Amino acid sequence: MHPALQSFHPLVSEWFVARFGAPTEPQARGWPSIAAERDTLIAAPTGSGKTLAAFLACIDRLVWQGAEGTLKDETSVVYVSPLKALSNDIRKNLDEPLAELKALAAERGIDLPEIRTAVRTGDTGMAERAAMLKKPPHILITTPESLYLLVSSEKSRKMLAKARTVIVDEIHAVARDKRGAHLAISLERLDRLTGRRTPRVGLSATQRPIEEIARFLVGTRRIDAGGRPDCAILDAGHRRALDIAVEIPKQELAAVASKEAWQDIYDRIAELVREHRSTLIFVNTRRMS
C-alpha cells in the first residue's frame, strides 16, 4: 500500500486501491497537510485528481466518525465551486464513492451510517433548502453567491457553525475579480461564525505566481511578518507527458478536400475512437461536427 494511504481508515484505503490503484502526486502530497488541518493550496493540471485529494481526506474523517459511532448531523465540509453547473457534477462524483464505501462497509460487517451531501445554489428548491436546515448534510456544495446568503441567514448560520473544512475549487477563476473579493469576505465571516480559523483547501490550475493565489486563499490574518502566506503550497503544475502526432489523409491534399479524402479522415477518427477510452474532437463548423 502507498505510504500516503496508511493513515486512512481501512475501508477508505481499500476502496481507493481497488478503484484507483495508487494516488497521484497532488493526492499523496496533499493528504497529510489537509488531515493536519493546515491551510493547503493544491495547484495541478486538470485530470490530476486534485478534487479527490481535497475530498478524500475529509471523507476519511467522516468515515472514522461513522465507524466509531460519533458522526453527528452537522455540516463538516463546505465545498465552494465558482460554477453552478459544476456543483451537480461534484455531488454525483461524491455520492458514487460514498455509496461504494457504504457497500464495502456492509461487506466487512461494519455498520457505517450514511454520509450525506447536498447542493445549495440559486436553483435549489425551497423544499430542499428546508430539508437541509432540518437535517444538515455532512458535505455542503455551494457557490460563492450562495455562501454569502448562507452566512447571512440566521437559520443557515446554525447549519454552518460546526464546519471543519472549507474547499474552494477553481480558486484562480475568482481570485482576480470582484467575485473573489466577495468570496473572501464570506470566508472571513465563516471563520467568525465557527469561532476559529476554519482550515481552507484551495484547488487551482497552474498559476504564476502561485503565492498570490495562496494569499487570497488564506486571508490577511494568515500572512506572516515577511508577507508570505501561512499555507502549504503543493505545486504539481508541471506538464504531463504528451504523445503528439500529425496525420494526413491518404488522398492527395487540395484546396478543397475530396469525398475520398474526407472518408479517409472519418475512418481514421473512428479508428482512434475505438483505440481510446475518451476522445475529444475539435472541428471548425457546426455542420462538420
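**Exercise 1. The largest pocket**

How much space lies in the largest pocket? Characterise the lining of this pocket as well.

*Solution.* The model is a predicted one.
- Step 1: the space in the largest pocket comes to about 790 Å³.
- Step 2: 25 residues line the largest pocket, and I265, R268, I269, L272 and I281 are the closest to its centre.
- Step 3: by class, the lining of the largest pocket holds 13 nonpolar, five polar and seven charged residues.

**Exercise 2. The second largest pocket**

*Solution.* 
- Step 1: two or more lining residues come from each of helix 1 (10-20), helix 3 (50-68) and helix 4 (84-107).
- Step 2: the lining of the second largest pocket divides into nine nonpolar, seven polar and five charged residues.

**Exercise 3. Packing of helix 1 against helix 3**

Describe how helix 1 and helix 3 pack, and at what angle.

*Solution.* 
- Step 1: two packed helices are described by the angle between their axes and the distance between the axes.
- Step 2: for helix 1 and helix 3 the angle is about 145° and the axes are 9 Å apart.
- Step 3: helix 1 contributes P10, L11, V12, W15, F16 and F20 to the contact, while helix 3 contributes L52, L56, D60, V63 and W64.
- Step 4: ten of the contact residues are nonpolar, none is polar and one is charged.

**Exercise 4. The nonpolar cores**

Identify the residues of the largest nonpolar core that touch the most other members, and state which element supplies the largest share of this core.

*Solution.* 
- Step 1: the largest nonpolar core has 39 residues, and W31, F55, L56, I59, V63 and I167 touch the most other members.
- Step 2: the elements that each supply at least two residues of this core are helix 1, helix 2 (25-35), helix 3, strand 2 (77-80), helix 4, strand 4 (139-142) and strand 6 (200-204).
- Step 3: helix 3 supplies the largest share, ten residues.
- Step 4: W31, with neighbours within four places in sequence left aside, is in contact with A4, L5, F8, F16, P23, L52, A53, L56 and A57.
- Step 5: a second, separate core of 28 residues has V78, M159, V168 and I171 among its members.

**Exercise 5. Helix 9**

Which residues of helix 9 are buried, and what covers them?

*Solution.* 
- Step 1: in helix 9 (residues 210-218), the buried residues are I210, I213, A214, F216, L217 and V218.
- Step 2: the cover over these residues includes strand 1 (40-43), helix 8 (178-194), strand 6 and strand 7 (232-235).

Methods
Residues numbered from 1 in each chain as written. Predicted model: local features only at pLDDT ≥ 70, side-chain atom pairs only at ≥ 80, totals over all residues. Heavy atoms only, no water. 1 Å grid on protein atoms, 1.4 Å probe; cavity = no way out; pocket = protein on both sides within 12 Å on 5 of 7 lines; lining within 4 Å. Points joined across faces, edges and corners; volume = space filled by probe spheres on them. Nonpolar A, V, L, I, M, F, W, Y, C, P; charged D, E, K, R; others polar. Helix = DSSP H or I, 4+ residues; strand = E, 2+ residues; numbered from the N terminus. Axes fitted to C-alpha atoms, helices over the stretch in contact; angles between N-to-C directions. Contact = heavy atoms within 4.5 Å. Core = buried A, V, L, I, M, F, W, Y, C linked by side-chain atoms within 4.5 Å. Buried < 20%, exposed > 50% of the residue type's maximum accessible area, 1.4 Å probe, protein only.
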